[in-house]
Amino acid sequence: MKLKNVCILILAIIVISCANPQPPPGGPKDYTRPDVVESYPKNSTLNFSDKKITLKFNKYMNKSEVIENVFISPDVPLGFDWSGKELTIEFKEDLQENTTYTLSLGTNYSDYYARNKPAEGYSLIFSTGNIIDKGQIIGKLFGDKTDGAYIFCYNLSILDKDTLNICTTKPHYFTQVGSNGRFKIQALKDGEYRVFAITDLYSNRLYDAQTDDFGAFTEDIKLSKDSIPFV
């Protein structure tokens with residue numbers, strides 16, 4: 001009988017130690033939005049040559065939701081590993097030389113306890129060379145429900161703008177709109193761009209005509225050195 005009690009006690013300790021941490025009961029409701037408070041590398045890092053980057057959050061996160069909202073342009077296969085509030089993102093292939101990369105975190109994710117969502121997307125910009133492309137398009141999406149919509153951005157300098165089909169061509173750059181409707185696309189080369197707002201319900205980076213809501217800016221956007229158009 002004594003041995004049986006000892007085994008039950010050990011089992012209970014194991015179960016308790018493996019449980020998810022829980023917030024204390026009672027107290028005011030948590031309205032703090034999740035945010036990235038630290039990153040490696042730092043924003044605007046040059047000559048980056050590592051195989052991974054890290055993001056540290058201010059709260060414990062819904063891990064799978066965060067992973068589903070991580071994007072990188074130009075595209076690279078990614079792997080993910082969590083440790084507490086810190087997410088490590090590993091590059092599965094070598095990065096291109098002398099290239100500016102933008103790691104984007106969308107807005108369709110929440111913290112673990114209170115289910116709060118971020119107000120707007122997050123971007124980490126770094127370069128494998130000694131120059132970072134500085135062109136930006138900053139804007140705001142208006143509508144009944146903008147939260148979670150995507151902004152697709154196409155570089156018309158390397159496309160035939162008269163035959164561009166967003167049903168079959170994926171955007172060169174994209175980001176996700178937050179609850180405040182604001183968005184920012186950064187690290188763009190000089191050139192001409194076309195911008196669309198797409199709900200992208202299938203998360204396939206394409207416009208599905210029978211499924212997605214759609215909007216377009218009224219004109220193409222031309223970027224020259226250090227220009228920051230607001231759309």
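**Questions on a predicted model**

Modeller: Arg 205 is placed in the loop between strand E12 (191-198) and strand E13 (214-216). Please keep in mind that this is a predicted model.

Colleague: Is Arg 205 buried or exposed?

Modeller: The relative accessible area of Arg 205 is 12%. The cut-off for a buried residue is under 20%. Arg 205 therefore counts as buried.

Colleague: Which residue is joined to Arg 205 by a polar contact between side chains?

Modeller: Leaving aside neighbours within four places in sequence, Arg 205 is in contact with several residues, including Phe 71, Tyr 150, Phe 174 and Asp 200. One of these contacts also involves a polar pair: at 2.6 Å, the side chain of Arg 205 is joined to that of Asp 200.

Colleague: Where is Leu 164, and is it buried or exposed?

Modeller: Leu 164 lies in the loop between strand E9 (150-155) and strand E10 (173-176). Its relative accessibility is 18%, and the limit for a buried residue is under 20%. Leu 164 is therefore buried.

Colleague: What separation do the C-alpha atoms of Leu 164 and Tyr 154 have?

Modeller: Not counting residues up to four places away in sequence, Leu 164 touches Tyr 154, Leu 156, Leu 159, Thr 169, Arg 194 and Phe 196. Along the chain, Leu 164 and Tyr 154 are 10 residues apart, and their C-alpha atoms are separated by 9.0 Å.

Colleague: Which residue in E5 is the bridge partner of Ile 53?

Modeller: Strand E1 (residues 36-40) runs antiparallel to E2, with four bridges between them; there, Tyr 40 stands opposite Thr 54. E2 also pairs with E5, in the antiparallel sense and over five bridges. In E5, the partner of Ile 53 is Ile 89.

Colleague: How many residues make up the largest nonpolar core?

Modeller: In soluble globular proteins, nonpolar side chains tend to be buried together. Here, Leu 55, Phe 57, Val 66, Phe 91, Leu 103, Leu 105 and Phe 126 touch the most other members of the largest core. Strands E2 (52-57), E3 (70-73), E5 (86-91), E6 (100-105) and E7 (122-127) each supply at least two of its residues.

Colleague: How many disulfides does a search of the whole structure find?

Modeller: Cys 153 is buried, at 0% relative accessibility, whereas Cys 167 is partly exposed, at 32%. A disulfide requires cysteine sulfur atoms within 2.5 Å. The number of disulfides found in the whole structure is zero.

Note on methods: Residues numbered from 1 in each chain as written. Predicted model: local features only at pLDDT ≥ 70, side-chain atom pairs only at ≥ 80, totals over all residues. Heavy atoms only, no water. Core = buried A, V, L, I, M, F, W, Y, C linked by side-chain atoms within 4.5 Å. Buried < 20%, exposed > 50% of the residue type's maximum accessible area, 1.4 Å probe, protein only. Contact = heavy atoms within 4.5 Å. Pairing = 2+ DSSP bridges. Polar contact = N/O pair within 3.5 Å; in protein donor to acceptor, adjacent residues only side chain to side chain.
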